[in-house]
Amino acid sequence: MDAKERMKLEPVPMRERDVSERVAGFEEVNRGYSEQEARAEAERCLQCKKAPCREGCPVDVDIPGFICLVCEGRYAEAGLKIKESNAFPAICGRVCPQERQCQATCVLSKQGKPINIGYLERFVGDYLIEYPPEQVGSTAPTGKKVAVVGSGPAGLAAAGDLAKAGHQVTVFEALHEPGGVLIYGIPEFRLPNLTVGHEIQALLEMGVQVRTNTIIGRTLTVPELLGVIGFKAVFLALGAGAPIFLGIEGENLPGVFSANEFLTRVNLMRAFRDDYDTPVQRGRNVVVIGGGNVAMDSCRSALRLGADSVTLLYRRTRAEMPARIEEVRHAEEEGVDFQLLVAPTRFLGRDGRLAAVECLRMELGEPDESGRRRPVPLEGSEFTVEIDQAIVAVGARVNPSARLVMPGMSQDERGHIIVDPETLMTSVEGVFAGGDVIGGEETVIEALSHGRRAARAIDEYLNS
Amino acid sequence: MFKILDKQELAESIIEYTIEARDIARHHHAGQFCIIRVHSHCERIPLSIAETNSQAGTITLVVQIAGHSTQELAQLEAGDSILDVVGPLGQPTKIGSPRRGIFVGGGVGVPAGSSMVRQMKQAGAQVLAIIGFRSKDLIIYEEKMRAVADELVVTTDDGSYGYHGLVTEPLQERLAAGEKYDVVITVGPVVMMRAVAEVTRPYGTHTIASLNPIMVDGTGMCGACRVTVGGETKFACVDGPEFDAHQVDFAELAQRLEIYRDEELRAHEAGPHECRLEQALKELG
Ligand SMILES: Cc1cc2nc3c(=O)[nH]c(=O)nc-3n(C[C@H](O)[C@H](O)[C@H](O)COP(=O)(O)OP(=O)(O)OC[C@H]3O[C@@H](n4cnc5c(N)ncnc54)[C@H](O)[C@@H]3O)c2cc1C
Ligand SMILES: Cc1cc2nc3c(=O)[nH]c(=O)nc-3n(C[C@H](O)[C@H](O)[C@H](O)COP(=O)(O)OP(=O)(O)OC[C@H]3O[C@@H](n4cnc5c(N)ncnc54)[C@H](O)[C@@H]3O)c2cc1C
Ligand code: SF4
Ligand code: SF4
Ligand code: FES
């Protein structure tokens with residue numbers, strides 16, 4: 001087939017669960033490509049010499065390389081090809097904002113038909129989980145111990161690479177289960193915990209130790225890790241998990257939740273299952289405030305818990321929404337009511353519980369420092385909506401407790417740990433940091449890439 | 001897994017557990033707490049750390065069997081293990097160097113007071129402890145308190161033992177008599193702590209309350225534990241649990257403790273499920 005013919009082929013859509021089936025439970029919405037579908041989609045790739053798609057990928061996955069292997073039915077090799085730059089294809093294939101990354105720069109996006117790189121990556125990632133390849137020759141153990149603090153994507157990626165380099169790695173996690181946001185935040189219907197569990201299992205099989213229920217800075221301290229306990233280096237992958245609230249009246253009324261609390265109860269603590277004890281409020285009329293993935297996940301979880309209505313309040317327009325495009329589409333299909341250019345001004349209570357939210361309409365003014373047009377309130381446009389649950393999903397920041405982790409370590413005014421941009425070493429010798437805790441894109445793939453880079457730098461540090 | 005070394009029923013529905021948790025024991029300070037999970041399908045339960053033995057590597061928890069989750073905990077015996085124990089959480093008690101202090105505790109708030117009183121003593125203070133219970137058979141930690149405090153007053157609501165009345169009454173009497181104290185620390189039910197704050201307020205006695213809102217992670221990640229203190233929102237698990245009692249919005253705290261009341265009642269009625277533990281063990285493999 002020549003390029004012209006290939007360009008005539010239509011993209012292979014992802015099979016999805018019906019809307020009615022979706023909102024009745026928490027099963028994954030996307031069903032994944034079958035082998036035929038994957039090959040048909042891979043067939044469309046033009047195998048561009050310059051591969052502009054790669055420029056959009058933060059970790060420079062050899063996209064045409066792996067797609068070519070898919071075409072030839074060599075899925076395991078395709079998987080290993082991706083793993084050269086991205087340790088967790090089954091995860092990234094599901095959660096990367098592809099429309100802003102690899103697929104945005106694919107030459108075919110000009111025709112609005114970019115290769116579904118994410119779907120293909122997911123297919124290959126799932127294949128590797130189902131048919132795990134033989135582990136090839138492990139490196140001789142170095143006998144050096146490295147501590148990884150935090151088990152989100154940054155920590156897990158670092159742990160994997162450090163173990164491959166022969167170091168003895170222990171991952172310390174504050175919660176009772178490893179995985180970070182992948183486990184406690186992103187819901188089952190988008191990223192099954194089982195998928196994350198497989199990746200963690202693989203790390204355990206490589207000899208990585210995971211110690212849950214261990215808060216560094218409280219249960220153990222970094223000076224202890226580097227001192228008596230005998231670790232030679234520490235990687236801090238603490239995430240940026242502290243919720244931001246709106247700071248408006250009535251926000252502490254029962255019925256107003258942070259997205260973190262709501263999603264943690266649902267995902268980590270499995271509140272949606274009858275056989276778990278976790279209580280969660282199942283709101284009837286719910287508003288979710290925000291426009292990112294966290295807001296979409298909250299809306300869609302509330303629907304699945306049986307809400308009659310879920311309304312999203314976002315103060316800008318759809319064009320500025322930071323959520324993945326697929327999440328926005330799924331939320332809309334499932335019946336979320338999008339109220340754009342609307343901001344809440346206060347929560348109103350009745351009998352000691354949330355009863356309504358007062359809102360103000362906005363219009364877009366001049367661009368702000370983020371380059372997005374700033375929402376400006378429209379005088380006199382107040383209106384109230386009767387609700388019994390509100391979920392605040394307007395962002396998160398570095399946990400102020402991060403300063404306990406390593407007293408004296410430099411952090412910027414927003415709490416981000418300051419690192420050397422090359423080596424990711426902090427102001428403390430032998431202590432490195434990466435992922436959301438150092439700021440940046442705040443995506444899974446970027447956290448993974450930090451983990452990788454830190455692992456390389458730590459390996460060099462230990463060998464020097 | 002955290003092994004239970006000892007279990008004592010101190011009074012009806014009040015159990016003391018001694019648990020092996022070496023790192024927590026070594027790092028714990030008075031005023032801090034931990035969060036436990038009995039098995040893989042359980043809630044996370046915040047509990048004050050009453051005492052620790054860093055030599056033995058143990059912590060002591062005293063639990064009131066309140067609802068479903070604490071009932072599940074009560075099924076565990078010495079020799080069994082608790083799946084998850086994380087801590088020490090929260091800020092250590094900050095008392096400065098008082099010359100005279102009072103500890104006011106109620107019910108299962110009393111055990112946590114034993115290490116607070118000890119700390120006040122170490123800081124050189126004379127300490128009066130006022131501990132209150134509904135009736136004689138619910139009294140716990142009396143001897144331990146007598147051993148650490150300079151003076152102890154035990155109250156019972158029904159007059160079956162000691163001072164007949166609420167803890168606030170002897171407190172009020174002392175302050176009204178002109179006795180001067182630098183600090184009052186109170187741990188117990190919200191209504192009690194609130195009443196203590198109201199008693200000390202007119203005297204301007206610095207008063208610290210150890211708050212017990214609903215919590216999930218205990219690390220500052222979820223905001224379930226938010227409380228209003230001096231008009232500002234604070235996260236009790238990381239900014240507290242101890243705050244200036246005169247600044248705390250106790251009405252809001254009481255309201256927020258009711259968030260899951262309906263669900264909890266339902267779970268309580270259903271009782272503990274025997275099958276759960278087995279199921280949990282199976283999942284663990
Ligand atoms: C609901 C939600 C949906 C999202 N959806 C997407 C998406 O679709 N696509 C995307 O690319 N990104 C998404 N993100 C963002 C993405 O998840 C994060 O950027 C990424 O997880 C950051 O990884 P990390 O490893 O830095 O930290 P995290 O994943 O936050 O993990 C940090 C871990 O460290 C632990 N920890 C913190 N402090 C300590 C300590 N002192 N001791 C021990 N352990 C500690 C925490 O408990 C946590 O488990 C989403 C985020 C959320 C919350
Ligand atoms: C920092 C902190 C320290 C604590 N220390 C102790 C302790 O040392 N010993 C002890 O017995 N309990 C302590 N608690 C309270 C304990 O966590 C709750 O009693 C327990 O979670 C109730 O769980 P349950 O499922 O058995 O009861 P539920 O069915 O959940 O509740 C039963 C009753 O307890 C109330 N309740 C629920 N959660 C809490 C809570 N977090 N605090 C207070 N009341 C609550 C409910 O409103 C209800 O009336 C502490 C709480 C906090 C936040
Ligand atoms: S890692 Fe993400 S951005 Fe890179 S190719 Fe895969 S899906 Fe695209
Ligand atoms: S730019 Fe698109 S068509 Fe070209 S190699 Fe990359 S994925 Fe294939
Ligand atoms: S319990 Fe989650 S922030 Fe305090």
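Predicted model: local features only at pLDDT ≥ 70, side-chain atom pairs only at ≥ 80, totals over all residues.
Buried means under 20% relative accessible area, exposed means over 50%, and partly exposed is anything in between, using a 1.4 Å probe and protein chains only. Residues are numbered from 1 along each chain as its sequence is written, chains are lettered from A and ligands numbered from 1 in the order in which they are written, and side-chain values use heavy atoms, with hydrogens and water left out.

Let's start with chain A. It has 18 helices and 16 strands, where helices (H or I, at least four residues) and strands (E, at least two) are DSSP runs numbered from the N terminus. Its radius of gyration is 23 Å, close to the 23 Å that the globule rule gives for 464 residues, so chain A is as compact as a globular protein of that length. The radius is taken over C-alpha atoms, and the rule is 2.2 Å times the number of residues to the power 0.38. Along the principal axes, the C-alpha atoms of chain A fill a box of roughly 65 × 65 × 50 Å. Of the 464 residues in this chain, 57% are buried.

V210(A) counts as partly exposed because its relative accessibility is 28%. Its C-alpha atom is separated by 24 Å from that of E442(A), 232 residues apart along the chain.

Now for the charged pairs. Over all chains the structure holds 55 salt bridges, each a side-chain nitrogen of Lys or Arg within 4 Å of a carboxyl oxygen of Asp or Glu. One of them joins the side chains of E10(A) and K113(A) at 2.9 Å, N to O. This pair links distant parts of the chain, 103 residues apart: E10(A) is in the loop between α1 (3-8) and α2 (19-23), and K113(A) in the loop between α8 (102-105) and α9 (117-130). E10(A) is exposed at 52% relative accessible area, whereas K113(A) is partly exposed at 24%.

R329(A) and E16(A) also meet in a salt bridge, at 3.0 Å, N to O. R329(A) lies in helix α16 (residues 325-333) and E16(A) in the loop between α1 and α2, so the pair ties together parts that are 313 residues apart in sequence. R329(A) is partly exposed at 34% relative accessibility, and E16(A) is partly exposed with 23%.

Then there is K81(A) with E84(A), a salt bridge at 4.0 Å, N to O. K81(A) is partly exposed at 23%, while E84(A) counts as exposed at 54%. Salt bridges that share partners also build a network, whose members include E16(A), R22(A), D297(A), R329(A) and E334(A).

On to chain B, with ten helices and 17 strands. Its radius of gyration is 19 Å, close to the 19 Å that the globule rule gives for 285 residues, so chain B is as compact as a globular protein of that length. The C-alpha trace of chain B spans about 65 × 40 × 35 Å along its principal axes, and 58% of its 285 residues are buried.

That brings us back to E9(B), which is placed in strand β1 (residues 2-11) of chain B. Together with E12(B), D137(B), D157(B) and D158(B), E9(B) forms a patch of negative charge on the surface. Patches are made of residues with over 30% relative accessible area and no salt bridge, with like charges joined within 9 Å and nonpolar side chains (Val, Leu, Ile, Met, Phe, Trp, Tyr) within 5 Å.

Terms used
Areas by Shrake-Rupley, 256 points an atom, 1.4 Å probe, with all protein chains shown as cover. Lys, Arg positive; Asp, Glu negative; His and termini not counted. Charge placed at Lys NZ, Arg CZ, Asp CG, Glu CD.
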